[in-house]
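This report describes two parts of a predicted model.

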Amino acid sequence: MPCGEDWLSHPLGIVQGFFAQNGVNPDWEKKVIEYFKEKLKENNAPKWVPSLNEVPLHYLKPNSFVKFRCMIQDMFDPEFYMGVYETVNQNTKARVLHFGKYRDVADCGPQQELDLNSPRSTTLERQTFYCVPVPGESTWVKEAYVNANQARVSPSTSYTPSRHKRSYEDDEDMDLQPHKQKDQHTGARQTGGSVSGLQWCGESKRLETEASTGQQLNSLNLSSPFDLNFPLPGEKGPACLVKVYEDWDCFKVNDVLELYGILSVDPVLSILSNDERDTSALLDPMECADTAEEQRVHSPPASLVPRIHVVLAQKLQHINPLLPACLNKEESRTCKFVSSFMSELSPVRAELLGFLTHALLGDSLAAEYLILHLISAVYTRRDVLPLGKFTMNLSGCPRNSTFTEHLYRIIQHLVPASFRLQMTIENMNHLKFIPHKDYTANRLISGLLQLPNNTSLVIDETLLEQGQLDTPGVHNVTALTNLITWQKVDYDFSYHQMEFPCSINVLITSEGRSLLPADCQIHLQPQLIPPNMEEYMNSLLSTVLPSVLNKFRIYLTLLRFLDYSISDEITKAVEDDFVEMRKNDPQSITADDLHQLLVVARAGQTTLSRERWLRAKQLESLRRNRLQQQKCVNGNEL
């Protein structure tokens with residue numbers, strides 16, 4: 001384990017050391033960041049940092065150093081906080097400077113009082129993100145991160161002994177009990193012209209006598225459980241309020257981050273009061289403009305939504321734990337693991353093709369296209385047109401069968417994040433697809449389509465029965481169409497819509513041709529019909545070695561990020577070939593067909609070769625002929 005546990009268990013002590021050495025000189029902040037950067041480079045140190053994704057909150061020590069893998073679901077307004085503040089000892093009149101960075105509550109001793117008028121105090125700004133665990137993260141990803149983590153934790157003793165036995169919901173009551181805090185104050189979020197993002201001392205007695213438990217329960221409106229605002233149903237894990245101090249402009253909604261920071265779960269953060277008099281006794285009423293609902297949302301119980309004060313933050317290209325976090329050009333070239341895997345691309349692809357052929361009931365052509373779909377990604381945008389997307393419609397799927405459900409299970413085992421949307425009339429009419437702004441609570445209410453890039457979205461249209469779509473249902477279909485066609489989701493801000501570009505892999509399974517648009521339709525031609533679909537798919541998964549499955553996972557993630565180039569010679573040959581194709585069949589060959597041929601020709605290669613171009617033309621010819629044959633059999637269905 002890295003030498004010295006102080007930086008893990010008492011990071012604020014480390015920060016205090018740098019602050020004491022440098023005083024108000026801002027260099028101390030850079031030195032803190034450099035210190036933790038260097039610590040994380042030591043001897044697999046990141047594996048020793050407890051993760052909120054894997055460790056229950058009640059096992060984590062307050063103010064300890066933690067990490068969190070998450071998606072930015074919402075961005076709150078920036079808040080002011082006391083960067084430096086001064087306290088006065090009421091007996092000796094001695095003055096002490098303190099740092100406010102990485103804290104929610106001012107650090108005051110028993111006889112100390114905060115001097116709000118001190119000329120040495122400074123007010124700074126920080127940004128708050130509302131972050132949730134990565135939506136749709138696959139079980140194998142979670143398990144891999146758990147197995148890699150070597151942090152040793154035990155139930156925290158900072159609260160009452162029975163705390164570790166309580167659920168998150170019970171903890172809400174727990175954290176509402178008045179504690180003997182060094183400093184207590186209302187937990188209202190302070191924005192705009194607020195005095196400070198820190199709470200200060202000197203009011204603890206008043207709060208302990210006046211803020212009865214009953215009043216606090218009412219103020220939090222605990223009769224209606226706090227909505228953690230996860231985009232997908234059934235998601236678990238903590239949501240966090242993330243306080244960012246540097247370079248927050250680099251991050252945006254839906255980015256996936258790996259955060260390292262200081263955990264703040266002070267129970268005082270849970271104390272809210274809807275009583276205007278109580279609030280105005282501590283804050284200027286003109287500065288406390290937040291509504292009660294906004295306070296409830298922006299200052300939830302710390303036991304339910306802990307705070308993380310970020311020391312280091314990294315935007316993740318992907319969440320595949322089997323690969324290096326960064327796969328840019330320079331790092332990929334120097335990474336031995338990536339360069340050695342590159343030599344295995346062809347044999348791994350051949351094995352993956354065989355595996356998916358079995359999953360698709362012996363249809364190797366459909367398996368070829370499924371691989372192309374799974375490695376596709378938007379690599380650039382030309383005006384509004386996203387290039388590289390490859391939405392696939394797998395038609396010919398049997399109705400009233402568990403095939404699509406089990407096919408999705410196979411995909412779940414291969415990709416880091418996914419979601420299966422069961423396209424029933426009821427779901428289309430009642431589920432919320434589009435995130436929308438709640439101006440009363442001043443937050444973004446999530447929807448099913450608030451997903452990070454590279455998520456696999458499987459839309460199961462085989463479940464669609466006859467029925468009527470109402471207005472929300474029509475809006476949801478429009479949202480899916482826009483996602484597929486333009487790779488964007490238009491978030492609803494009531495008075496206007498805001499475009500959020502994305503790169504989501506959409507696979508539509510259907511009986512006939514899908515009602516939704518697709519870049520490519522491939523009609524399934526099963527070579528075998530298993531008598532028991534569940535047994536067949538379970539057998540397929542159990543026979544593939546874990547090491548081989550991991551190679552598939554690495555292949556499908558890595559291929560999204562490989563650089564791709566086309567030589568001038570091949571470009572000229574492709575152009576000439578396309579002109580010739582247009583001459584022979586000007587009606588059916590369009591610019592869209594050229595784009596699709598180029599996507600098919602990429603097929604996980606780093607360069608386009610003449611052989612790969614001819615293979616793409618052959619695959620497209622086979623696919624089109626199959627559709628034509630099916631059309632002849634079923635009339636105009638396809």
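## Contact between α2 and α3

Pro 11, Ile 14, Val 15, Phe 18, Phe 19 and Asn 22 in α2 meet a set in α3 made up of Trp 28, Lys 31, Val 32, Tyr 35 and Phe 36, where contact means heavy atoms within 4.5 Å. By class, this contact of α2 with α3 comprises nine nonpolar residues, one polar and one charged; Ala, Val, Leu, Ile, Met, Phe, Trp, Tyr, Cys and Pro count as nonpolar, Asp, Glu, Lys and Arg as charged, and the others, Gly among them, as polar.

Helix α2 spans residues 11–22 and helix α3 residues 27–41, and their axes come within 9 Å and cross at roughly 140°. Axes are lines fitted to C-alpha atoms, for helices over the stretch in contact, with angles running from 0 to 180 degrees between N-to-C directions. The two helices are therefore oblique to each other, given that angles under 35 degrees count as roughly parallel, over 145 as roughly antiparallel, 65 to 115 as roughly perpendicular and the rest as oblique. The crossing of α2 past α3 is right-handed, that is, the near helix is turned clockwise from the far one by less than a right angle.

## Basis of the model

The model is predicted, so local features need pLDDT of at least 70 and side-chain atom pairs count only at pLDDT 80 or more, whereas totals for chains, interfaces and linings use all residues. Residues are numbered from 1 along each chain as its sequence is written, and side-chain values use heavy atoms, with hydrogens and water left out. Helices (H or I, at least four residues) and strands (E, at least two) are DSSP runs, numbered from the N terminus.

## The parallel sheet

Five strands form an open sheet in the order β12-β15-β18-β11-β19, with parallel pairing; two strands pair if DSSP finds at least two bridges between them. The edge strands, each pairing on one side only, are β12 and β19 (520–523), and the twist averages 20° from one strand to the next.

Strand β12 (residues 418–422) pairs with β15 over five bridges, and Ser 418 stands opposite Ser 456. Five bridges also join β15 to β18 (residues 505–509), where Asn 505 is the bridge partner of Ser 456. Strand β11 (residues 392–395) pairs with β18 over three bridges, and Asn 393 has Ile 508 as its bridge partner there.

## Burial of β15

Five of the five residues of β15 (residues 456–460) are buried, so this strand is largely enclosed by the rest of the structure. Buried means under 20% relative accessible area, exposed over 50%, and partly exposed in between (1.4 Å probe, protein chains only). Both faces are covered, with Ser 456, Val 458 and Asp 460 buried on one side and Leu 457 and Ile 459 on the other.
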